[in-house]
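Please keep the sequence and the model in view while reading.

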Amino acid sequence: MSQPKVLFVLTSHNKMGNTGKPTGWYLPEFAHPYNVLAPHTQIIVASPAGGEAPLDPSSIDKSDQQSMEFLNNQQSLFKNTEKLSKFVGHAKDFDAIFFVGGHGPMFDLATDQTSHQLIREFYEHNRIVSAVCHGPAALINAKLSDGSYLIANAPVTGFSNAEEDAVNLTSAMPFKLEDELNKNSGGKFEKATEPWGVKVVVAKGGRLITGQNPASAGAVGEAIYEAIFGDLKTKAK
């Protein structure tokens with residue numbers, strides 16, 4: 001039997017608003033879910049522009065051994081991404097789509113029409129739609145064929161206002177992620193009891209999976225695994 005396929009989506013945006021600071025995708029939010037899923041699935045990596053997707057240099061934490069090993073050994077994954085538009089019309093070939101976080105998605109994936117089309121196609125083909133931290137920015141305005149928001153009346157999470165304030169970047173963002181997710185979900189935004197706590201929200205029968213912050217990335221990978229394989233996880237141990 002062929003392995004399930006997961007489409008990982010990275011940002012192509014590398015500037016933090018008007019601050020002059022670099023941004024991009026966040027290392028542990030790619031590395032940790034990748035390490036959960038890679039042994040069991042085929043992972044394809046794409047970005048809006050294709051080619052090299054910018055890594056946020058501030059996300060490199062030398063104390064995170066798992067992420068450092070990924071950075072040293074898997075650079076081809078983010079230096080040679082496929083162009084996202086290539087996958088329009090191919091949702092049926094995949095089992096899940098996953099939007100990696102970092103502040104970059106706030107500036108491109110949030111308004112990227114190709115991302116929104118893929119989200120609709122994946123969901124309407126009964127595939128899994130997932131994202132972590134700022135990755136859910138891609139989900140805010142994604143609509144289904146009937147015109148309703150994907151996240152309407154669905155519990156959802158993402159980087160919280162308190163967390164954005166804590167890193168002093170609220171003013172650099174084009175919008176507040178928590179506020180917009182809460183609005184389009186109909187007040188269904190959820191978050192951990194304390195900032196930086198692990199929070200994963202699984203909704204729509206396992207087909208909408210979101211994680212709050214970098215600490216939640218590995219758990220999002222586990223939730224995607226569970227959604228793909230179901231009770232096979234316990235049988236395989």
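This is a predicted model: local features need pLDDT of at least 70, side-chain atom pairs count only at pLDDT 80 or more; totals for chains, interfaces and linings use all residues.

Residues are numbered from 1 along each chain as its sequence is written, and side-chain values use heavy atoms, with hydrogens and water left out.

**The core**

A nonpolar core is a set of buried Ala, Val, Leu, Ile, Met, Phe, Trp, Tyr and Cys residues joined through side-chain atoms within 4.5 Å, where buried means under 20% relative accessible area, exposed means over 50%, and partly exposed lies in between (1.4 Å probe, protein chains only). The largest such core has 72 residues, and the members that touch the most others are Leu-7, Phe-8, Trp-25 and Phe-30. Helix α7, which spans residues 217-229, gives the most to this core, with 7 residues; helices here are DSSP runs (H or I, at least four residues) and strands likewise (E, at least two), numbered from the N terminus. Beyond its neighbours within four places in sequence, Phe-8 has contacts that include Phe-30, Pro-33, Tyr-34 and Phe-98, a contact being heavy atoms within 4.5 Å.

**Salt bridges**

Side chains of opposite charge can pair when their charged atoms come close. A salt bridge is a side-chain nitrogen of Lys or Arg within 4 Å of a carboxyl oxygen of Asp or Glu, and the whole structure holds 4 of them, including those in the table.

| Pair | Closest N to O |
|---|---|
| Lys-191 and Glu-178 | 3.1 Å |
| Glu-190 and Lys-199 | 3.6 Å |

Because Lys-191 lies in the loop between α6 (177-184) and β6 (200-203) while Glu-178 lies in helix α6, their pair ties together parts that are 13 residues apart in sequence. Glu-178 is buried, with a relative accessible area of 12%, whereas Lys-191 is partly exposed at 43%. In the pair of Glu-82 and Lys-86, Glu-82 is partly exposed at 31%, and Lys-86 is partly exposed at 48%.
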